[in-house]
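Trainee: I have a model open and would like to learn how to read its features. Could we go through some of them in turn?

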Amino acid sequence: MRIDILTLFPEMFAGPFAESIVARAVEQEIVQIELHNLRDWGEGKRRNVDDAPFGGGAGMVMQPEPFFRAVESIPDHEQARTILLTPQGRLLTQQIVDELATAPHLILLCGHYEGVDERVREHLADDEISIGDYVLSGGEPAAIVLVDALVRRLPGALGSETSLDEESHTGGLLEYPQYTRPAEFRGWHVPDILLSGHHKEVAGWRRRQSLLRTAQRRPDLLRQALQDGDAVSEEDRRWLEEELETNLQDQPPS
Ligand code: 6GU
């Protein structure tokens, strides 16, 4: 996969892309990441990239020209999927990540200041993504999040491919709790079942923990997983129903 990133602040990406999974994927040529400084495509001697909003108001708006010129400088940009990072975009989910991870070429447009001229959204971007319902100072941290989530879905990017299947959100449920040595830490014990060596029972416990956690913390995700059908088995469903009923009975009357 190739990812081109258009930004006024290319240096914001240096740290995050120099470490861990993303750095290794770049080294192994699983992903090619190209940063483009929008300032290089600014107009005039001052390389202007922003101006006051028409109609008045506070702050500056990023002009369309640098975005268009930068995109048009990218080889085969016509075949790429161009994504504007904006708090007005569709909310990023694992499903969207997995879908985007199949694209051979993405172009990420990072806005800043009060916003980006609407013509970028209308005539340059194919898609708009937000990473959550809060406001960032610019699209850069969102692009870093998106690249990280994408790269770890590319074949070969993770050490052991099996670790993908059991992650939180893959399969629509949160992950079960994990423990490592020591078996007792400051008086807190690891659940006995995990030390038992009974693989089938460990798997069953983990599945139930995963269901229970999702029910308690993210009922919205559980509802979706139950609707999706194949994410939750009939056995899971029966167990969870019984468990939640028992838990409700355990609550003191209010
Ligand atoms: Cl993509 N950009 C900005 N500026 N703020 C955000 C965001 C993006 N996603 C969530 N908040």
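Trainee: In which sense do strand E1 and E6 pair, and over how many bridges?

Mentor: This is a predicted model. Strand E1 (residues 2-7) pairs with E6 in the parallel sense, over 5 bridges.

Trainee: What joins strand E5 to E6?

Mentor: Strand E5 (residues 81-91) runs parallel to E6, and 5 bridges join them. Here Leu84 has Leu109 as its bridge partner in E6. Between E5 and E6 the chain passes through helix H4 (residues 94-100), a β-α-β crossover that is right-handed.

Trainee: How many residues of strand E6 are buried?

Mentor: Buried means under 20% relative accessible area. Strand E6 (residues 105-110) is mostly covered, with 6 of its 6 residues buried. His105, Ile107 and Leu109 point one way from E6, Leu106, Leu108 and Cys110 point the other way, and all are buried.

Trainee: Now a helix. What span should helix H8 have, and how far apart are its end C-alpha atoms?

Mentor: The expected span is 1.5 Å times one less than the number of residues in the helix. Helix H8 (residues 199-217) has 19 residues, so it should span 27 Å; its end C-alpha atoms lie 26 Å apart, which agrees.

Trainee: Which residues of H8 are buried?

Mentor: In H8 the buried residues are Val202, Gly204, Trp205, Ser210, Leu211, Leu212, Thr214 and Ala215.

Trainee: Next, backbone angles. Which residue has a positive phi of about 60° although it is not a glycine?

Mentor: That is Glu29, with phi at about 60°. Glu29 sits in the loop between helix H2 (20-27) and strand E2 (32-37).

Trainee: Is Glu29 buried or exposed?

Mentor: The cut-off for exposed is over 50%. Glu29 has a relative accessible area of 70%, so it is exposed.

Trainee: What is phi of Arg47, and where is that residue found?

Mentor: Arg47, a residue other than glycine, has a positive phi near 55°. Its place is in the loop between E2 and strand E3 (50-51). Arg47 counts as partly exposed, because its relative accessibility is 39%.

Trainee: Last, the peptide bonds. What kind of bond joins Arg181 and Pro182?

Mentor: Read omega for this one. Arg181 and Pro182 are joined by a cis peptide bond, with omega about 5°. To find the spot, go to the loop between helix H7 (162-165) and strand E9 (184-185), where Pro182 has its place.

How values were computed. Residues numbered from 1 in each chain as written. Predicted model: local features only at pLDDT ≥ 70, side-chain atom pairs only at ≥ 80, totals over all residues. Heavy atoms only, no water. Helix = DSSP H or I, 4+ residues; strand = E, 2+ residues; numbered from the N terminus. Buried < 20%, exposed > 50% of the residue type's maximum accessible area, 1.4 Å probe, protein only. Pairing = 2+ DSSP bridges. Right-handed = clockwise from strand over helix to strand, strands pointing away.
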